Amino acid sequence: MEYLLTLAILAALSAVLAIGLNLVLGYGGLLSVAHPIFYGLGAYASALLTMQANVPIPLAIVLAALGCAAASVPLALCSLRVSGDYFVIVSLGFQLAVLQIINNLEITGASGGLSRIPTFAHGSDRNLICLGVLLVAVAATLVLVRTLVQSPFGRALTAMRNDEEALSALGRDPVRMKISIFALSAGIAGFAGGLYAHIFQFLTPSQFGIETSTALLTMVVVGGTATIWGPLVGALLMTCVPQAIQFLDLPQAIGGPIQGMIFSVLVLIFLFLRPQGLMGGSRGGGGLDAWSGRRPGRSSRRPDVIVERLAEEVGS
Amino acid sequence: MSAILQVIGLRKRFGGIVVADDITLGLRPGEVVGLIGPNGAGKTSLFNLITGVIRPDSGTIMMDGVRIDTLRLSERAQMGIARTWQHARSFPSLTLLDNLLLGARDYPGDSLLRTLLQPGISRRMEAEAEQRAMQLLERVRLAHKAHDLASDLSYGQQKLLGMARALMSEGACLLLDEPMAAVEGRTYAIMREVIEQEAHRGQAVCIVEHNVGFIRDLCSRGVFMAAGKVLADGPVDELMKMKDLTALYFGAAA
Amino acid sequence: MLDPSILLQLAWTGFANASFTCLFAVALSLVLKVNRIWNFAQAGMMVCAYGFMYAGTRWLGLDVLAALPIGLVSTAALGLALERFGFRPLRRRGSSSLTFFIFTLVVSQLCTYLAELIIGTESTTLIDNVVTPVRLIGDVAVSDWDIWATSTMLVLLLALAVFLKLTRWGQRLIAVADSPDLAELYGTSRDTAYGITMVLAAILTTAGMVLLGTKAPTVPSSPLQEFLLLALLATILAGVGNVFAAGLAALLVGIGQGFAVLFMPAQWTPMLVYALMAVAIVVFPRGVKLPRIRWRGVVLGAG
């Protein structure tokens, strides 16, 4: 039972993260893989605020979230300077660089990490309490994203994905929009990080690296980008299915890699067979490749397409 | 009457290609200016320079007495410059109505915080904008498709949509890039009617067009460009009489 | 006051130890240049190369050189499979770079998990005795391994340069890198070019892993955690399209890391690497501008 509760807690945390990532990635169309770093920054910030400055836990979590929103601004500004494709690499570099800093600072416990972080749930029912708090967080995040997506801001985001320049010519400011959406997404991740820190009470930098990036990305992809329920479904699926291996009671040396392999194979299946994700449909949303307006199946070998592209390259 | 949009000494080159060679031009309210010339003359580039898609190498652009050449695209649009594109560039994932709502000058979604924290005000602003949007859709005869996706429209309809979208902001200066290109029949008639209406309303309109008949009918003034330079600027019928210009134009086209 | 011989020693050791990172960086940069893909699956190729070499030397009892073909063939097969069954369908679909990112990373992770399952998670080497005889050249201690490593690296780089500049297929690869559509109109099959590039990358990767495996204990997760990121840094510093400059960058970073030990505690040197990457990305989004050195009319560093 405890095991199931812990699994549910992990799934719920992943859900909040995935929903937040979908905001910047799916709806914003900004190819950032650095999401886990805000998760990590939020976790460490909240932990340190409570441990070093005796800030009460709820306040620490909120402050950590706000700090993460602010920390996302440099990354958002970078996104304006480089092309979308290269930004994947830029955001990865940002994530790894910040991670290295955390890995080397004494105050964060360096690679050994931070332990004995204070918690808000005590007693035999603590897992239940934590899960309760997280379910509220998931619901709140869903409501937030849904409100946003269906709002005028959400409409502008879709337009920005379709044609940023045409949107600018109408008087809307994509720069401001990108900074806002990054900040909100990072704030959500930071909030989740704070919760994580005070639930599991132990942090190491390795929890926020490239594997976490991949895991989160796949949750969003498998669930369906630019959909409201997609990330939640993706998080549930990708957290629970690999864990099913636990029921086989294999030794860790075998079970660990197999669990990882199940995860990887699942991702590959979805990438190739159902790129729009579980919740992604064909009309107006869903799927990593959907936002650019590119029509799939448009053969790149047709002579007229080739000539068109050549003309672009040569410069007309 | 003084010009509301003034371009002074604009220059721009891309490597060896000069797209703007010391262009000085003014657009006055209530005037419909036809920007004509052979392909590659720099007409669309001039629009791009004015709206902010590209930055000039030198020169100034003034809108309503304020210098705008250092401003971003979105900021210039906020100052009242509206444009249409040669290839419509509507937002395919959105409905026609949504496309138009994005053109409102005062858009509730410009601020993320306002969207989240002041839903009531947003709703009110949207309701007003929606009324205007539907009126514009009526004018371009697309009101019945208001809730269809823009990607479902034909090419001609997309251009009408682009036109309506540009009118949403009620900007003082309207730049139309080949609104009649690849458009015919009923769409042509609707487009022409809308442009005439705008001219009567007192906007400063500038149209890039190849259709000489259209220019003669609609434009009070013509500007002839070739190879990045303004070669002639005056009443349309006088322009049409200049032999060397017509030779240049039709010679190039032949 | 620093003894120049110490500096020279650190420089040499840094240089020799960076030989395999150089090969990895060149491989990554080459695939980026021609196939236009940030091939994070190279870590998977590294694991594959190591795994098959390990099987050859440890299970079949072969000599490293005898086991080399096993490593080469298997890694080349993986590279070709990646291109044919992974990159090509994604490319045809017009997939975004994020899709490629996820795909390549997941492939690497899959290879890593597979290796962990088969070889185990403990650190291993390809041969039992990784300590080779050392001789003094001047004041600098040079080991046999140092010599193999640096010669292998230089020979392979030279071979690649000759291939790219002087052979027809090499020039076709460059043509595809510059303009795939134009190259195709002139009769070069893009898919063949992409395949050849992956094979070249496989050769460089396998060689690099052999050098690594005969020098230091490795775990299956090292390629993804450590070496791929060094290759990534070098590629970013050199800029997209500058294959040999990426190799040079890898060597310079290696030498720099060797020196860094003089004035910062060892644990901070990875930090130096990432700081460099952060600076490189932000300040030089298109790569550090190297002076264009011409030799017999050919621009060094590019191509």
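Helices, strands and contacts in a predicted model

Q: How do you know that the span of helix 2 (residues 35-53) of chain A agrees with its number of residues?
A: In this predicted model, the 19 residues of helix 2 of chain A should span 27 Å at 1.5 Å a residue, and the end C-alpha atoms are 26 Å apart, so the two values agree.

Q: What makes helix 2 of chain A mostly covered?
A: A residue counts as buried if 20 or more other C-beta atoms lie within 10 Å of its own. In helix 2 of chain A, 16 of the 19 residues are buried, so by this criterion the helix is described as mostly covered. The helix is followed by N54(A), which has a positive phi near 55°.

Q: How many helices and strands does chain A have?
A: Chain A has 12 helices and 2 strands. From the N terminus on, the elements run α-α-α-α-β-α-α-α-α-β-α-α-α-α. Of the 316 residues of chain A, 55% count as buried. Among the contacts in chain A with a separation of 6 or more, 77% join residues 24 or more positions apart.

Q: Why do strand 6 (81-83) and strand 10 (229-235) of chain B stand at the edges?
A: The open sheet in chain B has 6 strands in the order 6-7-8-3-9-10, with mixed pairing. Strand 6 and strand 10 of chain B each have a single partner strand, so one side of each is left without a neighbour in the sheet. Neighbouring strands of this sheet are turned by 20° against each other on average, direction ignored.

Q: What makes up the contact of chain A with chain B?
A: Residues are in contact if their C-beta atoms lie within 7 Å. The contact takes 24 residues from chain A and 30 residues from chain B. On the side of chain A that touches chain B, helix 6 (152-162) of chain A is one of the elements that supply at least two residues. Helix 6 of chain A gives the most, with 7 residues. By class, this side has 10 nonpolar, 9 polar and 5 charged residues.

Q: Which element gives the largest share of the side of chain C that touches chain A?
A: The contact takes 40 residues from chain C and 42 residues from chain A. Helix 5 (97-118) of chain C is among the elements that give two or more residues to the chain C side. The largest share, 14 residues, comes from helix 5 of chain C. The residues of this side divide into 26 nonpolar, 10 polar and 4 charged.

Definitions and conventions: Residues numbered from 1 in each chain as written. Chains lettered and ligands numbered in written order. Predicted model: local features only at pLDDT ≥ 70, side-chain atom pairs only at ≥ 80, totals over all residues. Contact = placed C-beta atoms within 7 Å. Helix = DSSP H or I, 4+ residues; strand = E, 2+ residues; numbered from the N terminus. Nonpolar A, V, L, I, M, F, W, Y, C, P; charged D, E, K, R; others polar. Pairing = 2+ DSSP bridges. Axes fitted to C-alpha atoms, helices over the stretch in contact; angles between N-to-C directions. Buried ≥ 20, exposed ≤ 12 C-beta atoms within 10 Å, placed from the backbone. Expected span 1.5 Å × (residues − 1).
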